Amino acid sequence: MKSVDKNLLSPAIIAPMYLSPRVLLSIDYEPWFALFRRYDSLTDPHQRRALDGGFTLRALDPILSLLGEAKASFYLVGEIADWYPEVPQRIAAAGHELGLHCHTHRPLKNINELAQDIRASAHWLRQYHVRGYRAPMVGIHEAAYQLLADSGFAYSSSIYAPAGVLLKKGSVWEIPVSTTAAPHNGGYAAPRDFTLNLLLKGEFPYGSSFSIGILGGQIFKLIERDLKRGLSPSIILHPYELVTPPLSARLTRDLILNPHLLPFRRNKAGFLKALLERFPVSPLGAYLDEALASQGQVNA
Ligand SMILES: [Zn+2]
């Protein structure tokens with residue numbers, strides 16, 4: 001493994017140079033309509049369940065079989081656990097990590113709304129000892145970290161930053177979704193708004209499934225580059241990208257009104273298969289445990 005700049009070992013950032021590099025694979029397990037902001041205001045759980053039409057249940061087995069022996073982090077939308085308690089059950093039984101994405105999928109900018117949202121999922125969070133969180137739209141704000149700590153979370157994966165960057169916010173770790181930049185010492189903080197400025201400086205959020213939808217197999221070159229640096233890139237996929245939902249009249253209209261979301265419609269089952277053939281993968285929680293253990297070795 002190539003050695004990583006030792007200066008990265010600051011109190012806030014550790015480069016887990018003693019860890020075998022791997023792809024940190026996550027699936028934000030949400031209904032297809034979570035893509036479209038027009039459904040954010042739809043609050044009736046029966047209507048939301050009807051809109052899903054059983055898709056999140058039907059998609060699970062094909063996704064679990066695509067993964068085979070590989071283990072991933074599933075950040076589950078809690079309303080799915082309400083609709084189909086067997087979904088979290090089967091994810092956990094297959095040996096994957098269960099995390100929280102949110103209870104009802106919408107941007108959660110207000111801290112009171114976020115607290116309420118986490119409480120709505122409290123029963124299954126406790127039942128499955130959930131300790132990882134991914135904010136909807138990978139958008140988190142400062143006060144959320146204390147709330148996550150108080151709610152029993154060990155880590156969040158809710159910002160974009162280069163692979164190898166780990167940040168500590170109080171007692172909560174932040175494991176970013178990967179961008180193309182090489183990590184440097186310092187200068188990273190969570191929350192980290194992914195601005196046009198960063199894009200213009202050439203930092204591209206390649207761990208987003210939107211990017212995977214645009215670049216396809218080209219992403220493998222970026223992954224390979226990070227792995228060769230000894231770093232573990234973190235990437236996101238969604239259930240509707242691995243099992244394509246039928247193109248209903250409603251979905252067609254939603255896509256016509258939101259053509260920028262078309263990269264999410266691209267089926268990525270082939271991408272995942274090729275990824276698993278080429279690279280080792282691991283859930284984020286397992287990686288964090290190893291990173292902390294290796295940090296202990298460094299401090300000893
Ligand atoms: Zn989401």
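Helix α11 runs over residues 219-228, and its buried residues are I219, L222, I223, D226 and L227. Why do they sit on the same side of α11? Around the helix axis they cover an arc of only 135 degrees, so they end up on the same side. Now turn to the face pointing away from that buried side: here you will find the exposed residues K221 and K228. And what covers the buried residues of α11? The cover includes strand β1 (23-29), strand β9 (177-179) and helix α10 (209-215).

In soluble globular proteins, nonpolar side chains tend to be buried together. Take F74 as an example: beyond its neighbours within four places in sequence, F74 is in contact with I27, Y29, I91, H96, E97, L98 and G99.

**Backbone spots to look at**

Most residues other than glycine have a negative phi, and most peptide bonds are trans.

| Residue | Phi | C-beta neighbours inside 10 Å | Class |
|---|---|---|---|
| H129 | near 50 degrees | 9 | exposed |
| V138 | near 45 degrees | 18 | partly exposed |

H129 belongs to the loop between α7 (122-127) and β4 (132-133), while V138 is in the loop that links β4 to α8 (142-150). H129 counts as exposed because it has 9 C-beta neighbours inside 10 Å, and a residue is exposed if that number is 12 or fewer. V138, with 18 such neighbours, counts as partly exposed.

Which two residues does a cis peptide bond join? They are A190 and P191, and omega there is about 0 degrees. P191 itself lies in the loop between β9 and α9 (196-200).

The protein chain has an average pLDDT of 90, and 93% of the residues score at least 70. Residues 1-12 are another matter: pLDDT stays under 50 there, and the model has 28 contacts beyond four places in sequence for this stretch. Where pLDDT is low, the predicted coordinates should not be read in detail.

Terms used. Residues numbered from 1 in each chain as written. Predicted model: local features only at pLDDT ≥ 70, side-chain atom pairs only at ≥ 80, totals over all residues. Buried ≥ 20, exposed ≤ 12 C-beta atoms within 10 Å, placed from the backbone. Helix = DSSP H or I, 4+ residues; strand = E, 2+ residues; numbered from the N terminus. Arc of directions from axis to C-beta. Contact = placed C-beta atoms within 7 Å. pLDDT = per-residue confidence, 0-100.
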